[in-house]
Amino acid sequence: MTELALTNRSIDYIQVKKLKYALVHEWLTPLATGGSELVVQEILKYIDADIYALIDFESANPESYLFQRQIGTTFLQHFPKARSGVQKYLPFLPIAIEQLDLRQYDIILSSSHAVAKGILTSPQQMHVCYCHTPMRYAWDLTFDYLRSSKAGRGIQGLLTRYLLHRLRQWDVISANRVDYFIANSQHTARRIWRCYRRPAQVIYPPVNIERFSLMRQKQDFYVTVCRLVSYKNVSAIVQAFNQLGHTLIVIGTGPELEMIRQIAKPNVQLLGWQPAEVVEKYMAEAKAFVYAACEDFGIALVEAQAGGTPVIAYAAGGALETVLDIRQHPETGTGLFFPSQTAAAIVEAVEEFEQLQGKFQPEMARLHAEKFAPEVFEQRYLAFVEQCYQEFLSGDFSKSGT
């Protein structure tokens, strides 16, 4: 679908129609603070939508932007320990999302990384899905999950494999309930096509770059910030810095924390979870931000650049769309890529960075990060929803999502 500029006429059209919006997300808890939640928060700034989710523990949180909001939930809200991770009820997620009755709404907006796109709609309702990723544990991370979990072994492993098989079937079926897909990167758009054979419009997620002050004078340390889970490959970064001897700051917590603590040498400092102001300080002052995961987008990479900090990243996924390798962009480069998720590749990249670091300009990194500012997201998202609705009313779906 060709991109349209947002116009006053289009805004007036929606206001005159007084359309009713519903916004559906997977789960809303104090622990859910990733990129998908930032998209939900941003959409609610300019679209007056009722909110629905599998579970909600944010509307009772005085520190949340959703405090005292009326949020529709499912039967999973009352399941034991749902607050700490509703994913443990994986077999029930598809049927739970299908129980949300949204028949009173004209437009359904979903922010989906698992099952939110699977809500049931009527032919008179338009459904636009902002897809952060097709369900990772059902597709890309299936074999990682089976290998690392007790649920992947023995008789239980056979049942888990069957469950994931049925989950993939439901995931494809539910994708056909979406009228228009938005992807958070070209990488995700390709995955949506591979899994669902559906085209998707790419609209990069909003990054609050104003949180980060441009820091021109860097300190003598490297930093990485992420959840300490296997696919983030923080252990490879730590092993690389064990060899290099440079100071590495690791911020984040997760199931791999103790394992990483055991292998880290004294030059690697594990700070665990840290408040936002501490994260912002380290990211802005670091010599470089190091990242070894293949992300669908990777907001942290843009945040580092917002502080003027170069990025050393694995050359895959969203990083290829958010970081400019200085070897290909000598005047405007904002980082350096390494080709494989191994300690050896990271060592080689850091050593090359040490030789090239004088060529990086913090101002260029900041300028590049501004391309992902919230106001850019707002303009493109609203324009796309309006264009989709005009097409939906016309009944011409020949170009849907293109």
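In which order do the seven strands of the open sheet come? The order is β3-β2-β1-β4-β5-β6-β7, with parallel pairing. This is a predicted model, in which local features need pLDDT of at least 70 and side-chain atom pairs count only at pLDDT 80 or more, while totals for chains, interfaces and linings use all residues. Residues are numbered from 1 along each chain as its sequence is written, and side-chain values use heavy atoms, with hydrogens and water left out.

View 1. Strands here are DSSP runs (E, at least two residues), helices are runs of H or I with at least four residues, and both are numbered from the N terminus. Two strands count as paired if DSSP finds at least two bridges between them. β3 and β7 (201-202) sit at the edges with a single partner strand each, so one side of each has no neighbour in the sheet. Look for Ile51, whose bridge partner in β3 is Ile71.

**View 2. Strand β4, wrapped up on both faces.** Buried means under 20% relative accessible area, exposed means over 50%, and partly exposed is in between (1.4 Å probe, protein chains only). Six of the six residues of β4 (residues 107-112) are buried, so this strand is largely enclosed by the rest of the structure. Ile107, Leu109 and Ser111 point one way, and Ile108, Ser110 and Ser112 point the other. Strand β1 (residues 21-28) pairs with β4 in the parallel sense over five bridges, with Ala22 opposite Ile108. Strand β5 (residues 126-131) also runs parallel to β4, joined by six bridges, and there His127 stands opposite Ile108.

**View 3. β11 and its two parallel partners.** In strand β11 (residues 288-291), Ala288 and Val290 point one way, Phe289 and Tyr291 point the other, and all are buried. Strand β8 (residues 222-225) runs parallel to β11 and is linked to it by two bridges; Val223 stands opposite Phe289. Three bridges tie β11 to strand β12 (residues 311-314), again in parallel, and Phe289 has Val311 as its bridge partner there. From β11 the chain passes through helix α10 (residues 299-306) to β12 in a right-handed β-α-β crossover: with the strands pointing away from the viewer, the path from the first strand over the helix to the second runs clockwise.

**View 4. Helix α10, under cover.** Eight of the eight residues of α10 are buried, among them Ile299, Leu301, Val302, Glu303 and Gln305. After the helix comes Gly308, with a positive phi near 80 degrees.

**View 5. Cysteines without partners.** The whole structure has zero disulfides (pairs of cysteine sulfur atoms within 2.5 Å). Cys226 is buried at 12% relative accessibility, and its sulfur is 14 Å from the closest cysteine sulfur, in Cys294, too far for a bond. For Cys388, the nearest cysteine sulfur is that of Cys129, 12 Å away. Cys388 is buried too, with a relative accessible area of 0%.

**View 6. Phe92 in its loop.** Phe92 lies in the loop between β3 (71-72) and α3 (93-97). With a relative accessible area of 40%, Phe92 is partly exposed.
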